[in-house]
Amino acid sequence: MQQRGAATLRAMSTDWHVHCLDCNDTQTFDDANHREELMALLCRHAAVISALVPLIQDIGSRGCVALSLGSYGEVDPEWFAKHLGHRLVPINEYDEVLTRCPLRLERHDFAPCVRNYGHDGDCVVATH
Ligand SMILES: [Zn+2]
Ligand SMILES: [Zn+2]
């Protein structure tokens, strides 16, 4: 796994997916260019997504209940259920996993969080 600077990544087309570090398994999305923040939110809410599985199973057809990410495709709740409790990370099309927290804080004019990916507790922005 190689490291690339944030500025370089922003300039290139970079599609993001969700990856399980424990199983080396990836749920792919379509053209989720620079959407690492969205992928991080899916990882963060894996338990909520997984909780849809019993509902989907009771309805009996996955076509009836879908969690759509718009043009990026559908989230597969069964994938998240299978990897619940594992280390889920956003991964890009160059097989680079995210190391910095990608979340931006609305209450701080969308300033980026400065902590590492997957940190506990609240996001922190740089103070001047
Ligand atoms: Zn897994
Ligand atoms: Zn954060």
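Colleague: What makes S2, S1 and S5 a sheet, and in which order do they lie?

Modeller: In this predicted model, the three strands form an open sheet in the order S2-S1-S5, with antiparallel pairing. Strands (E, at least two residues) and helices (H or I, at least four) are DSSP runs numbered from the N terminus, and two strands pair if DSSP finds at least two bridges between them. Val18 stands opposite Gln27 in S2, and Trp16 has Asn92 in S5 as its bridge partner.

Colleague: Which strands are called edge strands?

Modeller: Strand S2 (25–27) and strand S5 (88–92) are the edge strands, as each pairs on one side only. From one strand to the next the twist averages 40 degrees, where axes are lines fitted to C-alpha atoms (for helices over the stretch in contact) and angles run from 0 to 180 degrees between N-to-C directions.

Colleague: How are residues numbered and chains lettered, and what limits apply to a predicted model?

Modeller: Residues are numbered from 1 along each chain as its sequence is written, and chains are lettered from A and ligands numbered from 1 in the order in which they are written. Because this is a predicted model, local features need pLDDT of at least 70 and side-chain atom pairs count only at pLDDT 80 or more, whereas totals for chains, interfaces and linings use all residues.

Colleague: Why is Asn24 called exposed?

Modeller: A residue is buried if 20 or more other C-beta atoms, placed from the backbone, lie within 10 Å of its own, exposed if 12 or fewer, and partly exposed in between. Asn24 has 7 C-beta neighbours inside 10 Å, and therefore counts as exposed. Asn24 is found in the loop between S1 and S2, and its phi is near 55 degrees, a positive value in a residue other than glycine. Phe110, in the loop between strand S6 (104–105) and strand S7 (111–112), also has a positive phi, of about 60 degrees, and is exposed because it has 10 other C-beta atoms within 10 Å. Most residues other than glycine have a negative phi.

Colleague: How do you know that S1 is covered on both faces?

Modeller: In S1, 5 of its 5 residues are buried. Trp16, Val18 and Cys20 lie on one side, with His17 and His19 on the other. In a regular strand the side chains alternate between the two faces of the sheet.

Colleague: What puts the buried residues of H2 on the same side?

Modeller: The buried residues of helix H2 (residues 36–44) are Glu36, Met39, Ala40, Leu42 and Cys43. They cover an arc of only 155 degrees around the axis, which puts them on the same side of H2; the arc is that of the directions from the helix axis to the C-beta atoms.

Colleague: What makes the largest group of nonpolar residues a core, and which element supplies the largest share?

Modeller: A nonpolar core is a set of buried Ala, Val, Leu, Ile, Met, Phe, Trp, Tyr and Cys residues joined through C-beta atoms within 7 Å. The largest has 14 residues, and Val18, Met39, Leu42, Cys43, Ala46 and Leu88 have the most contacts inside it. H2 gives the largest share of this core, 4 residues.
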